[in-house]
Structure formats: C-alpha cells, structure tokens
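Here are some notes to read beside the model. Please keep the structure open while going through the points.

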Amino acid sequence: MGRFYIDGGRCLEGTLRIQGGKNAVLPILAATVLNGDVSYIQDCPRILDVFTMIRILESIGCKVRWDDKTFMIDSSSVDSYKIPEELVREMRSSIILLGSVLGRHKKVIISYPGGCPLGPRPIDLHIKALKQLGASIKEEHGFIICEAPKLVGAKIHLDFPSVGATENIMLAAVLAEGTTEIHNAAKEPEIKDLQDFLNGMGAKIKGASSDVITIEGVKSLHQVEHKVIPDRIVTGTYLAAAAITGGEVLLTNVNPNHIQAINSKLKEAGCRIIEEKDRIYLKAPKKLKNIDIIRTQPYPGFPTDMQAQMMAMLTVASGASIITETVFESRYKHVDELIRMGANITLEGRTAIIKGVGHLTGTNVYAKDLRGGAALIIAGLVAEGVTIVDGAKHIERGYEQIDKDLNILGASIRKD
Ligand code: UD1
C-alpha cells in the first residue's frame with residue numbers, strides 16, 4: 001500500500017502553495033452531471049478521491065479530460081443511473097451522487113456506503129430529505145434505489161447540519177419544480193463553493209454560509225467555469241506541521257477566513273500568525289504551550305478533520321491538553337499509533353487527554369484513515385530517528401503530495 005519514511009528533527013521553513021479543496025471539489029464533480037453540458041474546473045487537486053470520483057463519472061457516461069489542474073467534464077452523454085458498487089466502497093462520499101444523478105435522471109441506484117474507520121456514518125438525513133422532495137426510496141440487497149417521476153421543492157429542516165445531506169438536497173433541488181428551503185443547513189465554506197458553482201451553471205441558490213439555503217428550481221442549466229476554493233484542512237495540516245517543528249512558514253493560496261477556529265488554537269499554543277488576503281504566515285515558539293480544550297463542531301467551530309493533526313502537535317507541548325470529538329464518535333484511530341511513538345494520551349469516551357512529553361521516538365506506525373495518517377506524519381517530523389508510516393494510500397486520498405510539500409519546507413520524507 002506504500003509507506004512514508006520520515007527522518008525527524010528538522011525545522012520547517014519556507015513558502016508553499018496550498019492545493020484546491022478536496023471537500024469542495026467532490027460535490028462539484030458530482031454536480032457536473034446536472035448541466036448535460038461542459039464544466040471546466042480549475043485547481044482541482046490530483047488526489048485519490050478525485051480520481052475515484054472521475055472513474056464514477058466516466059462509468060455513467062461523462063467524458064473527462066484534464067489539462068494540468070483544469071478538468072473538463074462533459075456530461076451531455078450521461079446514460080446510466082447506476083453507480084458502480086466497487087467505486088462507492090472506495091469512497092464513502094460518493095453518496096453525494098444520490099442528489100445529482102437523481103436530479104438529472106429522476107432515478108439513481110447506489111450501493112449502501114456502510115461503515116468506515118470513523119465509526120458509523122448513517123445517511124438517514126439524506127434519505128429523509130430526498131423523500132420530502134418527492135423521491136421514493138427502497139433499500140434492497142445493500143442497494144438504495146431512489147426514484148422520483150417529479151421532484152418538487154419543499155421546506156426541509158435538518159436535525160443536524162450535515163455537510164453531505166445539505167449538498168445532496170441542493171443538488172437534487174436545482175432542477176426540481178418550485179422552491180426548496182434547507183433549514184439548519186451546514187455552513188461549511190465548501191457549501192458556499194458548491195452554491196457558486198451551481199449558480200455559475202444557471203441555478204438559483206442563495207443563503208449558503210447561513211442557516212437557511214433557498215433553491216429556486218430552474219428548467220435547464222448550461223456550461224460553467226469555476227475555480228475551487230483552497231483546501232482549509234491541508235492548510236491547517238501544514239500549519240500544525242510547521243508548529244510542531246518550531247518552524248516559520250508562509251502558505252499561499254489560502255483563505256484565512258476559513259481557518260479562524262484553527263488559527264485561534266494555534267495562537268493559544270503560542271504561535272504567531274499573520275493573515276493576509278490569500279496568504280498566511282506562522283512562526284512557532286521553541287516550545288508549544290498546551291491548549292486547554294478543543295471541541296470539534298460543525299463550521300464555524302473547530303473542524304473534526306483537524307482533530308488528529310492538532311493532537312499530534314500537542315503530544316510534545318508543555319502541560320496537558322484536552323480534545324473532545326463531538327462530530328464522529330470513534331475518530332481516534334490515530335491515538336494508539338501516537339502512543340507507540342511515545343505520546344501520553346488517555347481516552348475517556350469522546351474525550352482525549354494529551355499530556356505533553358519531552359520527545360517522541362520514530363517507529364513503525366499505521367495510517368488507518370486520511371487525517372489520522374497526516375497526524376502520524378506530523379508526529380514523525382519531530383520524532384527521534386525514522387518513523388515509518390504504513391498505509392500511504394489513506395493519506396493520498398486527500399493530500400496531493402504531502403512528502404514533496406513537506407520536503408520543500410525542509411523536512412526529510414520519502415515514499416516507497
Ligand atoms: C463531510 C466531510 C468530512 C468531514 C465532515 C464533517 C466531505 C466529502 N466530507 O462528511 O471530511 O469530516 O463533513 O465536517 O465533505 N449524520 C447522520 N445522518 C446523516 C448524515 C450525517 O447522523 O444522514 C451524522 C454523521 O454520522 C456525523 C455527523 O452527522 O456524526 C456529521 O456528518 P456530515 O456533516 O454529514 O459529514 P459528511 O458529509 O459525511
């Protein structure tokens with residue numbers, strides 16, 4: 001599956017450009033099915049999840065071409081509403097095609113995504129909302145069969161501001177008859193990027209970034225060109241990586257507004273941060289301070305996707321820090337691996353207590369999920385000796401070239 005070898009002890013310094021956002025581009029790629037025309041997507045990250053989504057789009061009849069970081073997707077010849085099971089298994093977020101393929105064909109068959117390393121990830125909110133738009137949904141032999149002779153706008157109240165459910169409703173409602181309102185909608189920046197993309201192809205959506213999103217159904221859509229927002233989690237990962245090494249970095253192609261919750265915690269840990277329009281500078285102290293508490297929450301709260309990386313950073317801070325994971329109950333698969341490297345972490349239910357230690361030691365560890373894997377690389381940057389992180393494929397689902405990026409900043413990482 002590939003491994004990373006990290007020779008620890010080097011201070012990160014320099015400038016790096018951040019890739020386009022994974023969680024922004026995946027729903028945007030799903031949305032390209034809707035216009036029956038060509039979509040040009042700029043700054044699309046070349047990561048495994050994107051490759052999987054492209055394979056799904058091709059499997060249902062899309063023609064895809066790319067030129068460096070710009071993807072051209074022509075959905076005029078989409079002729080299938082069945083999403084291949086093996087590809088859904090590779091990427092749980094392929095559930096986002098439920099809304100877009102239903103919107104285009106009024107029918108979709110997709111296998112049930114099932115559990116994943118983050119614990120149970122139900123899709124009840126997606127299903128309930130699509131039913132409110134007029135879809136009939138059957139679950140047979142592990143497949144979801146979703147049909148709607150006609151989708152009609154509705155007022156939908158989400159029990160929880162689920163990112164995926166908000167996106168699926170937006171996608172299904174764009175070509176529905178009448179107006180849809182999503183109350184208690186997710187407010188993540190990726191939702192606003194999806195709104196901008198869909199409006200670029202002729203949709204009428206407003207309210208993204210607020211609690212209520214309104215989608216006025218339209219009859220048809222057209223060609224669109226769009227640049228994906230920068231990846232706020234990759235930005236946060238590299239800031240945490242610089243911080244743990246006592247480094248000084250400038251990251252470009254970032255939106256500082258999207259990472260306020262992360263920045264505020266990095267400042268608590270003693271980092272100096274300067275934000276500019278599309279750049280961010282961080283200078284870390286020699287010894288990081290502990291952080292009293294980090295609680296993961298929906299945006300604009302602290303992102304669950306940065307929990308593991310911050311934990312890695314805090315393993316060598318002075319004093320004890322507390323992290324409470326409120327979004328995904330079992331998102332602590334990295335804890336045992338960090339302990340193997342010498343970290344002092346105690347888990348009590350959803351809460352982790354991290355007592356800073358003097359040093360970590362390089363050893364063989366396993367990346368069990370994407371962000372947990374990134375956390376192990378961060379820990380490896382300061383560990384004594386060589387850290388071998390197995391399971392590189394998990395990390396490559398979301399990072400274009402984490403080894404090359406960190407090497408640009410002065411780390412010593414190689415992959416085989
Ligand atoms: C998206 C992100 C993921 C991030 C997460 C939370 C993408 C591709 N993935 O995932 O990186 O960690 O947001 O910020 O954008 N839930 C239900 N029922 C549902 C749907 C969700 O109970 O029908 C629960 C989940 O189990 C979880 C919580 O809601 O506890 C948040 O999930 P959600 O916001 O839907 O996350 P995803 O869209 O799956």
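1. A polar contact here is a pair of N or O atoms within 3.5 Å; within protein, one must be able to donate a hydrogen and the other to accept it, and residues adjacent in sequence count only if both atoms are side-chain atoms. The side chains of Ser 39 and Asn 35 make such a contact, at 3.3 Å.

2. Ground rules. This is a predicted model, in which local features need pLDDT of at least 70 and side-chain atom pairs count only at pLDDT 80 or more, while totals for chains, interfaces and linings use all residues. Residues are numbered from 1 along each chain as its sequence is written, and side-chain values use heavy atoms, with hydrogens and water left out.

3. Overall build. The protein chain has 14 helices and 23 strands. Both are DSSP runs numbered from the N terminus: helices are H or I with at least four residues, strands are E with at least two. For 416 residues, a compact globule would have a radius of gyration near 22 Å; the chain has 21 Å, which agrees. That radius is taken over C-alpha atoms, and the globule rule is 2.2 Å times the number of residues to the power 0.38. Along the principal axes, the C-alpha atoms fill a box of roughly 65 × 45 × 40 Å.

4. Of the 416 residues, 58% are buried. Buried means under 20% relative accessible area, exposed over 50%, and partly exposed in between (1.4 Å probe, protein chains only). Contact means heavy atoms within 4.5 Å. Among contacts between residues at least 6 apart in sequence, 72% join residues at least 24 apart.

5. Ser 39. This residue is in strand S3 (residues 38-42). Its relative accessible area is 0%, so Ser 39 is buried. Beyond neighbours within four places in sequence, its contacts include Phe 71, Phe 197 and Val 224.

6. Helix H7. Phe 197 is also one of the buried residues of H7. The twelve residues of H7 (residues 189-200) should span 16 Å at 1.5 Å a residue; the end C-alpha atoms are 17 Å apart, which agrees. The expected span is 1.5 Å times one less than the number of residues. Gly 202 follows H7 and has a positive phi, near 105 degrees.

7. Aromatic pairs. There are three. The rings of Trp 66 and Phe 71 are edge-to-face, because their centres are 4.5 Å apart and their planes at 90 degrees. Rings of Phe, Tyr and Trp (its six-membered ring) pair if their centres lie within 6.5 Å; planes under 30 degrees apart count as stacked, over 60 as edge-to-face and the rest as tilted. Phe 71 is buried at 0%, whereas Trp 66 is partly exposed at 37%. Ring pairs link Phe 51, Trp 66 and Phe 71 into a cluster.

8. A link across the sequence. What does the pair of Tyr 238 and Tyr 399 tie together? Tyr 238 lies in helix H8 (residues 232-244) and Tyr 399 in the loop between helices H13 (392-396) and H14 (402-408), so the pair joins parts 161 residues apart in sequence. Tyr 238 is buried, at 1%. Tyr 399 is buried too, at 1%.

9. Ser 210. It is found in the loop between strands S11 (204-206) and S12 (213-216). At 30% relative accessibility, Ser 210 is partly exposed. Its side chain reaches the backbone oxygen of Gly 207 at 2.6 Å. A polar atom of that side chain lies 3.1 Å from the backbone oxygen of Val 212.
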